[in-house]
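Visitor: I would like to learn how to read the side-chain features of a model. Where do we start?
Guide: With the structure itself.

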Amino acid sequence: MTIAHDQSREQMKAELEDSERLQAISLELIKDGRPQAVYETILDGAAAIMRSQFASLQMLDADRGAAGELRLLSHRGFSDEAAQFWHWVSMDRASTCALALRTGRRVVVSDVETAAFMQGTADLAHYRQSGIRAVQTTPLHSRVGTLIGMLSTHWAHVHRPKERELRLLDVLARQAADLIEREKTETALRASEERLRTAVEVGGLGLWDWNVLTGEVHWSDEYFRMLGYGVDEVTPSYENWSARIHPDDRAETEALLQHAREARTEFVTEFRTLHPNGAVRWLHGRGRFFYDQGGQAIRMVGAMTDTTERRQWEDRQKALVAELQHRTRNLMAVVRAVAETTARRAKDLPDFSAHFRSRLSALARVQGLLSRLANQQRVTFDELLRAELAAVDADMGRVRLDGPSGVKLRSSTVQTLTMALHELANNAVKYGALGQAGAALSVRWHVEAGQDQKLWLHIDWHESGVRMPPATGAGEGIGHGRELIERALPYQLEARTSFALGPDGLRCTISMPVSELNMAR
């Protein structure tokens with residue numbers, strides 16, 4: 001009787017100690033939110049309840065392998081080699097956790113040396129190397145019954161745990177399952193939030209969340225910057241948003257917001273903001289109101305993107321289209337004029353065809369130059385001059401060019417000036433300095449400010465050493481070139497020109513306004 005009474009008292013004492021231990025573990029798990037510290041607390045509790053020398057906690061990664069694999073979260077007593085060996089465990093292995101993964105039930109092996117499924121396996125070798133003789137593995141299930149991990153304890157001697165110990169372990173396993181599930185959920189949530197944050201940053205989105213009832217507003221960091229504020233420089237509010245809308249857009253934007261609220265439609269608009277430094281930015285906003293059961297707006301969320309570059313690109317496209325239309329009309333007028341004057345002076349159809357093709361080629365060359373220009377770029381006089389001399393295969397050994405490089409021409413003047421240079425170069429090859437041995441061509445130019453505050457380009461085309469033909473034999477081309485220089489350039493370009501045939505060659509001067517971009521030279 002006395003022995004039985006003592007044994008009963010010892011058992012009650014042990015159960016009380018285990019219950020108090022479980023309670024203490026629960027408090028520790030609630031208090032410490034660090035995953036690794038939680039895992040270690042679970043293992044300490046499991047080893048204490050089961051009176052084991054080893055313990056391990058695993059989480060199931062369902063996405064790894066065909067049927068999922070167990071990953072070792074924490075352990076007690078394993079060697080580094082054993083921990084590495086059991087870091088990942090698939091269900092085809094010969095361990096108790098692999099068997100529990102296959103069956104979904106608790107596995108108890110009181111002696112690994114007699115377990116038939118372990119014989120001759122690497123798992124048994126590592127059990128021996130680690131000094132493990134007995135093992136139990138308890139599956140961890142979520143509240144909905146999904147397998148999420150394993151809790152195992154190991155002994156250094158042959159051992160079969162008592163039912164009371166296993167019942168207490170089940171209580172701890174329930175806590176462990178809840179904690180692992182919570183950690184998995186939080187990890188997935190953090191990953192989702194990180195993906196969202198990355199997407200928002202990469203997409204350049206500014207987010208807002210407006211509590212309509214309280215007036216409280218949340219802005220993302222990018223939203224502050226879009227409105228020209230430093231992050232957290234001001235308290236987010238409707239008023240601080242409205243204050244940064246461009247005065248010309250404010251009334252319309254606020255009216256659209258009010259309409260979306262009253263009509264229960266999506267708020268979609270594009271407006272300008274005016275920053276303190278004077279910068280104007282375009283923003284595109286899209287948001288939605290939420291309502292209570294009574295139909296009152298209670299919340300609004302939305303996103304904003306900076307569309308300034310797109311608007312600038314659209315403006316640039318409009319300007320380019322307008323410029324293209326202008327150039328096309330101008331080009332057609334030039335072609336028509338060239339055709340008319342060429343036809344009027346041509347001796348016959350072959351003569352017309354030869355001159356017309358030559359002049360169209362000059363127009364094509366200048367169009368090629370104009371089409372390659374970016375914004376704020378201009379065709380320069382020296383590249384235009386060299387292109388026309390190259391087109392007639394001029395012997396540059398007899399040509400002297402003297403003037404500054406990079407003098408920018410007004411785009412509206414380039415076509416007409418090209419035709420003039422083409423006529424001068426073409427006639428020099430046929431009748432003048434570039435077609436006669438011993439003759440030479442000098443082209444000098446310079447830029448200076450005129451009394452009208454415009455920049456003027458002065459060009460001096462001087463041929464010398466030319467054996468001049470009789471006045472009646474100058475050629476039809478000379479007549480067309482002279483007409484173009486003396487009549488068309490002054491009319492179309494506001495140019496001042498002179499054209500004189502001297503005893504030894506042609507002397508032509510052209511003075512014309514050029515681009516104000518040359519001011520920066």
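This is a predicted model: local features need pLDDT of at least 70, side-chain atom pairs count only at pLDDT 80 or more; totals for chains, interfaces and linings use all residues.

Guide: A search of the whole structure finds 13 aromatic pairs.

Visitor: How are the rings of Trp-241 and Phe-271 arranged?
Guide: Ring planes over 60 degrees apart count as edge-to-face. For Trp-241 and Phe-271 the planes stand at 85° and the centres are 6.2 Å apart, so this pair is edge-to-face.

Visitor: Which elements hold Trp-241 and Phe-271?
Guide: Trp-241 lies in helix H8 (residues 238-243) and Phe-271 in strand E9 (residues 267-274).

Visitor: Are Trp-241 and Phe-271 buried or exposed?
Guide: Both Trp-241 and Phe-271 are buried.

Visitor: How are the rings of Phe-381 and Trp-445 arranged?
Guide: Apply the angle test again. The planes of Phe-381 and Trp-445 meet at 65°, with the centres 5.2 Å apart, so the pair is edge-to-face. Phe-381 belongs to helix H12 (residues 381-391) and Trp-445 to strand E13 (residues 440-449), so the pair ties together parts 64 residues apart in sequence.

Visitor: Why do Phe-381 and Trp-445 count as buried?
Guide: Buried means under 20% relative accessible area. Phe-381 has 0% relative accessibility, so Phe-381 counts as buried. Trp-445 counts as buried because its relative accessibility is 5%.

Visitor: Which residues form one aromatic cluster with Trp-241?
Guide: The cluster consists of Trp-210, Tyr-238, Trp-241, Phe-271, Phe-289 and Tyr-291.

Visitor: Where does the charged end of Arg-93 sit?
Guide: Look at the distance from the charge to the ring centre. The charged end of Arg-93 sits over the ring of Phe-85, 4.3 Å from the centre. Arg-244 lies over the face of Tyr-229, and there the distance to the ring centre is 3.9 Å.

Visitor: Which side chain of opposite charge is nearest to Asp-382?
Guide: A salt bridge needs a nitrogen within 4 Å of a carboxyl oxygen. For Asp-382, in helix H12, the nearest side chain of opposite charge is Arg-386, 4.6 Å away. Asp-382 is buried yet has no salt bridge.

Visitor: What is Asp-382 in contact with, leaving aside its neighbours within four places in sequence?
Guide: Asp-382 touches Ser-405, Gly-406, Val-407 and Trp-445. Trp-445 is also the ring partner of Phe-381.

Visitor: And the chain overall?
Guide: It has 14 helices and 16 strands. Of its 521 residues, 41% count as buried. Among contacts between residues at least 6 apart in sequence, 58% join residues at least 24 apart.

How values were computed: Residues are numbered from 1 along each chain as its sequence is written. Side-chain values use heavy atoms; hydrogens and water are left out. Helices (H or I, at least four residues) and strands (E, at least two) are DSSP runs, numbered from the N terminus. Buried means under 20% relative accessible area, exposed over 50%, partly exposed in between (1.4 Å probe, protein chains only). Contact means heavy atoms within 4.5 Å. Rings of Phe, Tyr and Trp (its six-membered ring) pair if their centres lie within 6.5 Å; planes under 30 degrees apart count as stacked, over 60 as edge-to-face and the rest as tilted. A charge sits over a ring if NZ of Lys or CZ of Arg is within 6 Å of the ring centre and within 35 degrees of the ring normal. Lys and Arg count as positive and Asp and Glu as negative; His and the chain ends are not counted.
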